[in-house]
Amino acid sequence: MTEGDAVITAYRCHGWTWLLGATVTEVLAELTGRIAGNVHGKGGSMHMYTENFYGGNGIVGAQQPLGAGVALAMKYR
């Protein structure tokens, strides 16, 4: 990976969230539903996001069409 690459993944994306810019405190706060989480406690273990990280998806195969949309949007930009 290089800086600026986008990532989207499947369920349970804690490690990717941390690797791509969230602090450990933000990840743990998100997992416990606290406002200090990286998406304010609303994402739980599935829906964590950071810049250029488009989260995990609990629906099997959902990341493929979403990833294609992210790639298309990045190409247009």
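Trainee: Which residues of helix α2 are buried?
Mentor: In α2, residues 24-31, the buried ones are Val27, Ala29 and Glu30. Buried means under 20% relative accessible area, with a 1.4 Å probe and protein chains only. Helices are DSSP runs of H or I with at least four residues, strands are E runs of at least two, and both are numbered from the N terminus. Keep in mind that this is a predicted model, where local features need pLDDT of at least 70, side-chain atom pairs count only at pLDDT 80 or more, and totals for chains, interfaces and linings use all residues. Residues are numbered from 1 along each chain as its sequence is written, and side-chain values use heavy atoms, leaving out hydrogens and water.
Trainee: And what do the buried residues of α2 pack against?
Mentor: They pack against α1, residues 14-19, where contact means heavy atoms within 4.5 Å.
Trainee: What follows α2?
Mentor: Gly33 does, with a positive phi near 75°.
Trainee: Switching to Val70, is that buried or exposed?
Mentor: Val70 counts as buried because its relative accessibility is 17%. Val70 sits in helix α3, residues 63-76.
Trainee: Which residues does Val70 touch?
Mentor: Leaving aside residues up to four places away in sequence, Val70 touches Ala6 and Tyr54.
Trainee: Now the strands: how do β1 and β2 pair?
Mentor: Strand β1, residues 7-10, pairs with β2 in the parallel sense over three bridges; pairing requires at least two DSSP bridges. Val7 stands opposite Phe53 in β2.
Trainee: Why is β2 called largely enclosed?
Mentor: Four of the five residues in β2, residues 53-57, are buried, so the rest of the structure largely encloses that strand.

Note on methods: Buried means under 20% relative accessible area, exposed over 50%, partly exposed in between (1.4 Å probe, protein chains only).
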